[in-house]
Amino acid sequence: MKIKKIGVLTGGGDAPGLNGVIRSVVLTAINDYDIEVVGFEDGFSGLIRNKYRVLERESVSEILHRGGTILGTSNRDNPFHFPVRSNGQVTYQDVSDEGVSNLKKLGVDVLIVIGGDGSLRIAKEFSDKGIKIVGVPKTIDNDLGATDVTFGFNTAVTTATEALDKLRTTVESHHGIMVLEVMGRYGGWIALHAGLAGGADVILIPEIPYDLEKVKEKIEKRKSQGKLSSIVVVAEGATPVNGKYTVDKMMEGRTEPIKLGGIGQVVAQQLVELTGLEARVTVLGYLQRGGSPTSCDRILSTRFGVMAVKQAVEGPWTTMVALHGQSVVTVSLDEAIKQLKKVDCKGELVEVARAIGVNFGK
Ligand code: F6P
């Protein structure tokens, strides 16, 4: 089958590098295959509402260095559970057939979905309805099991590391404890990498439930060595031993209704009580998703985009591009959404951190 038109959309939370993928998809499709690309706006919402634009060479000019996504994105509007408003009431309906019909009317042969596990699950459901899909893994959290790395992660880690460098000068001046809460959902990748790169004394991640008594011991040991300040990095999904996640709020209608947040404040307050020291808290929040992608993310997103088009043209479909070691490969979409990737508590990076004295609250 000759592929003549490719659709592309970005779903879920934005991540630095989305524009890099869009740019390389469009340029590869035009340069190598003479294929037209249409971009759906605001994720799957654009597919259902038939909001799209043709992406030409000029459409993707000067975007590689820009964060966000020129197409817009959404972590609502799942077509299989779509919010429909009537008489002030919201009900959820399966409107996926609208999406299938819009793709057919437009003559889109293959849909490239750039997203995290939520968007890729939706993509898989569309593939079950006969749509040819190629996925591209995106998330700052780096928690997709089928790829070694997702684009966006390196930029988020770099931002968090820079934040730690700045927070260090304040806590070294005032003494006491500086707590930095970082994102990552149920994985500790950002916390572990930024904590290591930023020289944190304590790193709390979901994969290693923490006991703050151990953190107190670490801080007091440092004090006895004349070190009057300590830096604690907390992943938003970190939990105490036998404890629960700290939830900021529930947000109905989203692909991921549980919004984590607030653990930084909880940990800081308890450390004040345990140590008698002053603690300051910074929640890095959306700064981790924003801004210009690092060179690593620009290159990875470009590589993923080129491979996605090759895959779209040659098949097999129902796949996702992925990084395995140094190589860009493809995996099945089933494989892609099978499980989230967790930090290995006995892995090399955790061992390296322990070897240099980082405490994990254990
Ligand atoms: O998945 C990316 C991410 O930034 C997570 O780290 C975080 O929990 C979540 O999205 C928060 O973003 P939003 O408020 O858009 O759901």
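A pocket, in the sense used here, is an open set of grid points with protein on both sides within 12 Å along at least five of seven lines, and its lining residues are those with an atom within 4 Å of a point. In this predicted model, the largest pocket is lined by 30 residues, and the ones nearest its centre are Gly13, Asn75, Asp141, Arg185 and Glu256.

The domain assignment divides the chain into domain 1 (5-151 + 293-336) and domain 2 (154-290), whose centres, taken over C-alpha atoms, are separated by 32 Å. The contact between them involves 18 residues from domain 1 and 17 residues from domain 2. Together the two domains bury about 1,600 Å², with 48% of that area on carbon and sulfur atoms. On the domain 1 side, the residues that lose the most area to domain 2 are Arg76, Ile140 and Asp141, which together account for 32% of what that side buries. Asp141 is also one of the residues nearest the centre of the largest pocket.

## The pockets

The largest pocket has a volume of about 660 Å³, and its lining draws at least three residues from each of domain 1 and domain 2. Helix H4 (117-128) and strand S12 (258-260) each supply at least two of the lining residues, and H4 gives the most, with 6 residues. By class, this lining has 7 nonpolar, 10 polar and 13 charged residues.

The second largest pocket has a volume of about 270 Å³. It is lined by 14 residues, of which Val149, Phe153, Asn154, Cys296 and Leu300 are the closest to its centre. Here, too, the lining takes at least three residues from each of domain 1 and domain 2. Helix H5 (153-174) and helix H9 (295-314) each contribute at least two residues to the lining, with the largest share, 5 residues, coming from H9. The residues of this lining divide by class into 7 nonpolar, 4 polar and 3 charged.

## The cavities

The structure also holds 2 cavities of 30 Å³ or more. The largest cavity is lined by Gly11, Gly12, Asp42, Gly43, Phe44, Ser74, Arg76, Asp77, Gly118, Ser119, Ile122 and Thr255, and H4 gives the most to this lining, with 3 residues. Arg76, one of these lining residues, is also among the three in domain 1 that lose the most area to domain 2. By class, the lining of the largest cavity has 2 nonpolar, 7 polar and 3 charged residues.

The second largest cavity is lined by Gly176, Ile177, Ile219, Lys223, Lys227, Leu228, Ser229, Ser230 and Leu277.

| Space | Volume |
|---|---|
| Largest pocket | about 660 Å³ |
| Second largest pocket | about 270 Å³ |
| Largest cavity | about 60 Å³ |
| Second largest cavity | about 30 Å³ |

## Salt bridges at Arg185

Arg185, which is among the residues nearest the centre of the largest pocket, takes part in a salt bridge with the side chain of Asp143, at 2.8 Å from N to O. The side chains of Arg185 and Asp117 also meet in a salt bridge, at 3.0 Å from N to O. This second pair links distant parts of the chain, since Arg185 is in the loop between S8 and helix H6 (189-197) while Asp117 is in helix H4, 68 residues apart.

## Backbone features

Most residues other than glycine have a negative phi, and most peptide bonds are trans. Against that background, Asp34 has a positive phi of about 55 degrees although it is not a glycine, and its place is in the loop between helix H1 (18-33) and strand S2 (36-40). A cis peptide bond, with omega of about -5 degrees, joins Gly315 and Pro316, and Pro316 is found in the loop between H9 and strand S14 (319-324).

Terms used. Residues numbered from 1 in each chain as written. Predicted model: local features only at pLDDT ≥ 70, side-chain atom pairs only at ≥ 80, totals over all residues. Heavy atoms only, no water. 1 Å grid on protein atoms, 1.4 Å probe; cavity = no way out; pocket = protein on both sides within 12 Å on 5 of 7 lines; lining within 4 Å. Points joined across faces, edges and corners; volume = space filled by probe spheres on them. Helix = DSSP H or I, 4+ residues; strand = E, 2+ residues; numbered from the N terminus. Nonpolar A, V, L, I, M, F, W, Y, C, P; charged D, E, K, R; others polar. Domains from an automatic or database assignment. Contact = heavy atoms within 4.5 Å. Buried area = accessible area lost by both parts, 1.4 Å probe. Salt bridge = Lys/Arg side-chain N within 4 Å of Asp/Glu carboxyl O.
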